[in-house]
Amino acid sequence: MQIDQDTYPQRIAQVQAAMKEFGLAAVVIEPGAAMQHITGVRWGRSERSFLVVIPAKGAPAFVVPGFEEERAREMTPKGADIRVWQEDESPFERVAQVFQDRAATTGKVGMEESLRFFIFHNLKKAAPKMEYVTAQPALKSAGVNLVEAPRRRP
Amino acid sequence: MTAGVVPITDGERKQRIAKAQRLMREQKIAGIFLEAGSSLYYFTGVRWQPSDRLFGLVIPAKGNLAWLVPADDEKRAPAGQDIHLWQDDPFPRLAQMLKDRGIATGTLGIDERARFFVFDGIRRACPALEFTNADVITAGCRMQKSPAELALMQRASDVTIAAYRAGLATLREGMPQNELQNNIHAAYRALGYPGYVSVMYGAYTAFPHGSLTPQKLKLGDFVMIDDGCTVEGYQSDITRTVIFGKPTDRQRQIWTLERKAQDAALAAAKLGAPCEAVDIAARKVIEAAGFGPGYKTPGLPHRTGHGIGLEMHEWTYLVKGNKTPLATGMCFSDEPMIAIYGEFGVRLEDCFYMADDGPHLFSKQSPAIDQPFA
């Protein structure tokens, strides 16, 4: 599924460079075209949050449902930082922990534009000090400019 | 199997809106904004394909619904409704719609699945508003089903059982899993409803969400089929795990344990009991046999069940920590699977609804390892 083993690290580095330019401490992305383009990971969206957190500095971390850990490890790069949440736990606490671990404790977090409202809403409760803004200008500048839903005519 | 299906009436939809408005007033929410999706369908019967061009609905706490529609789609807008067309930027238009309904300050509920750019556009255009998750209103209405909804879910369940019966009758040694899948899909089409099934054989039955690896059916394999269909938008979700050929003692033992766990969950589903009690009851049976504990495998790696309705998975959930009391009209799956990676998995899934006298199954449980249907 890798296009080339350097492709995704390069794309992540591009996104991180753009994040610095746009003043984002982290970017949060749900499964979809942007996640696939940047990380190579393809996953279906459901009520169980599966997220990638890209910090301005350091390695991305994947936040995944506990019983999907094996499948997530198969789909992510070897040695990827995977944070598991069990059914009675909060994925948003895991994301907040990633913010802590990557020293992204103040400032702006960019939300990928197709991210669903409940994820933002719960994340804001788990990490209330951060300011949540659109990630789109930074992602666009890094060459990620994907329309999630198919564009109908015209 | 399409005869006699009664769609949701406009009268029932009006009652739903009235209930939503009552909940909004109780919770001090000025209105809710819905994107295209299952909640919008629930309240209006309107289906719309979400795209980059924003289409949405405002349900104010008081007054009539207002629709935000791309100007290009004017002809497709719902007839006889209060339609607001937008040309270049939907958000100033939406702000005006909200203002006209007295929603300039206070709290606006946002569809839980609204995309971030939609929310971001609204908060820029309406800086004096506060925002919350609209699920307190939408789930507050949708969680408890009416008799008309239960009848549609019953039909969806009956159709799925009929499609599974037809499909499993075609099993043969060497059958690729996509052939069984195609046979069940064909059965759904013949029955008149679109449906989907995932098929797992042998060791792949341990994976809760299956595997795309090509498989061929061997004697002694477990066959697992899961998923469902929709009738007037309402879902079924049924899993059967059945032996092909002769079971080993181990297969028989685990299958029987799974059935006991499923029974225990159902027995714990009492009106007023917290949702988590159902999960605890099923898990206790599985743990007593030496599996787990908790989510550890071999054992039950996920919650015991999910709510079901217009979405296959919706609020509320049979999961540890969920204190929501079981109430009449709530619908759930009962599926405490046993996953033994490297060996096999067994999942029996039937859905039930809560009535005044306790839980009622939409489908009869599988009676035996070689008998998927009662």
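Residues count from 1 along each chain as its sequence is written, chains are lettered from A and ligands numbered from 1 in the order in which they are written, and side-chain values use heavy atoms, with hydrogens and water left out. Because the model is predicted, local features need pLDDT of at least 70 and side-chain atom pairs count only at pLDDT 80 or more, while totals for chains, interfaces and linings use all residues.

**Stop 1: the sheet of chain A**

Helices (H or I, at least four residues) and strands (E, at least two) are DSSP runs numbered from the N terminus; strands pair if DSSP finds at least two bridges between them. Start by displaying chain A as a cartoon. You will find an open sheet of six strands in the order 4-3-2-1-5-6, with mixed pairing. Its edges are strand 4 (81-85) and strand 6 (131-134), each pairing on one side only. From one strand to the next the twist averages 25° (axes are lines fitted to C-alpha atoms, for helices over the stretch in contact, and angles run from 0 to 180 degrees between N-to-C directions).

Next, select residues 108-111 of chain A, which make up strand 5. Strand 5 runs parallel to strand 6 of chain A, joined by four bridges. Within this pair, Val109(A) stands opposite Tyr132(A).

Helix 5 (residues 117-126) of chain A lies across strand 1, strand 2, strand 5 and strand 6, running at about 155° to strand 6.

**Stop 2: aromatic rings from both chains**

Select Phe117(A), Phe120(A), Tyr132(A), Phe116(B), Phe119(B) and Phe131(B), which form one aromatic cluster. Over all chains there are 16 aromatic pairs, where rings of Phe, Tyr and Trp (its six-membered ring) pair if their centres lie within 6.5 Å; planes under 30 degrees apart count as stacked, over 60 as edge-to-face and the rest as tilted.

**Stop 3: Tyr41(B)**

Zoom to Tyr41(B) and show its arginine neighbours. Arg47(B) lies over the ring face, 3.8 Å from the centre, and the charged end of Arg13(B) sits over the ring of Tyr41(B) at 6.0 Å. A charge sits over a ring if NZ of Lys or CZ of Arg is within 6 Å of the ring centre and within 35 degrees of the ring normal.

**Stop 4: Glu130(B)**

Glu130(B) is in strand 6 (residues 129-133) of chain B. Is this residue buried or exposed? Glu130(B) is exposed, with a relative accessible area of 56% (buried means under 20%, exposed over 50%, partly exposed in between, with a 1.4 Å probe and protein chains only). Not counting residues up to four places away in sequence, Glu130(B) touches Gly106(B), Thr107(B) and Leu108(B).

**Stop 5**

Pick residues 331-334 of chain B, strand 14. Cys331(B) and Ser333(B) point one way, Phe332(B) and Asp334(B) the other, and all are buried. In a regular strand the side chains alternate between the two faces of the sheet. Strand 14 pairs antiparallel with strand 17 (residues 350-355) of chain B over four bridges, where Cys331(B) stands opposite Tyr353(B).

Finish at strand 12 (residues 305-307) of chain B, joined to strand 13 by two antiparallel bridges. The two strands form a hairpin with six residues between them.

Notes. Contact means heavy atoms within 4.5 Å.
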